[in-house]
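Welcome! Take a moment to look over the sequence and the model, and then let us walk through them together.

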Amino acid sequence: MGGGSEPLDTKHGQYIGGWGNLGSQTQKGIVTYALSANRQRPLAGATNAAIFNTYRRCRAQFLYVVPPVAFAYLLLNWATEKNEFYNSKEGRTVSPEASDEATQGGPVRG
């Protein structure tokens with residue numbers, strides 16, 4: 001039986017080797033291929049793929065983003081122009097009720 005710190009096979013009482021070398025026969029017929037790190041091209045085609053991927057994704061989302069943004073812009077532009085008109089001299093003379101509403105922040109009651 002071995003002495004020192006060698007691991008023992010408790011069933012047979014013999015040294016079976018460290019991890020990765022458990023005392024079995026070497027395998028035959030297994031071929032391993034490797035490529036040197038400086039021969040690899042990990043970013044090959046990444047820029048080209050990124051450009052076309054970005055275009056494809058933007059095109060797919062176009063109708064979900066542009067119409068609501070355009071509607072919101074037109075609504076805000078309309079409201080700003082109407083507010084500027086109501087707060088102008090001409091707007092106060094055309095519709096005094098609307099100008100009171102614009103300056104007080106709500107409909108005039110009473």
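The confidence score used here, pLDDT, is the predictor's own confidence in each residue, on a scale from 0 to 100. That score matters for reading what follows, as this is a predicted model. Across the protein chain the mean pLDDT is 79, with 63% of residues at 70 or more.

**Overall layout**

The protein chain holds three helices and zero strands. Read from the N terminus, its elements follow the order α-α-α.

| Helix | Residues | Mean pLDDT |
|---|---|---|
| helix α1 (highest confidence) | residues 46–86 | 95 |
| helix α3 (lowest confidence) | residues 96–104 | 66 |

**Surface and burial**

How many of the residues count as buried? Of the 110 residues in the protein chain, 6% do. The chain exposes about 10,500 Å², and 57% of that area comes from carbon and sulfur atoms.

On this surface you can find a nonpolar patch formed by F62, L63, Y64, V65, V66 and V69. Together these residues have about 630 Å² of accessible area. One of them, V66, sits in helix α1.

**An aromatic pair**

What is the count of aromatic pairs? It comes to one aromatic pair. The partners are F85 and Y86, whose ring centres lie 6.0 Å apart. Their planes meet at 45 degrees, so the pair is tilted; planes under 30 degrees apart would count as stacked and those over 60 as edge-to-face. F85 itself has 32% relative accessibility and therefore counts as partly exposed.

Methods:
Residues are numbered from 1 along each chain as its sequence is written. This is a predicted model: local features need pLDDT of at least 70, side-chain atom pairs count only at pLDDT 80 or more; totals for chains, interfaces and linings use all residues. Side-chain values use heavy atoms; hydrogens and water are left out. Rings of Phe, Tyr and Trp (its six-membered ring) pair if their centres lie within 6.5 Å; planes under 30 degrees apart count as stacked, over 60 as edge-to-face and the rest as tilted. Buried means under 20% relative accessible area, exposed over 50%, partly exposed in between (1.4 Å probe, protein chains only). Helices (H or I, at least four residues) and strands (E, at least two) are DSSP runs, numbered from the N terminus. Accessible areas come from the Shrake-Rupley method with a 1.4 Å probe; for residues, only the protein chains shown count as cover. Patches are made of residues with over 30% relative accessible area and no salt bridge: like charges are joined within 9 Å, nonpolar side chains (Val, Leu, Ile, Met, Phe, Trp, Tyr) within 5 Å. A salt bridge is a side-chain nitrogen of Lys or Arg within 4 Å of a carboxyl oxygen of Asp or Glu.
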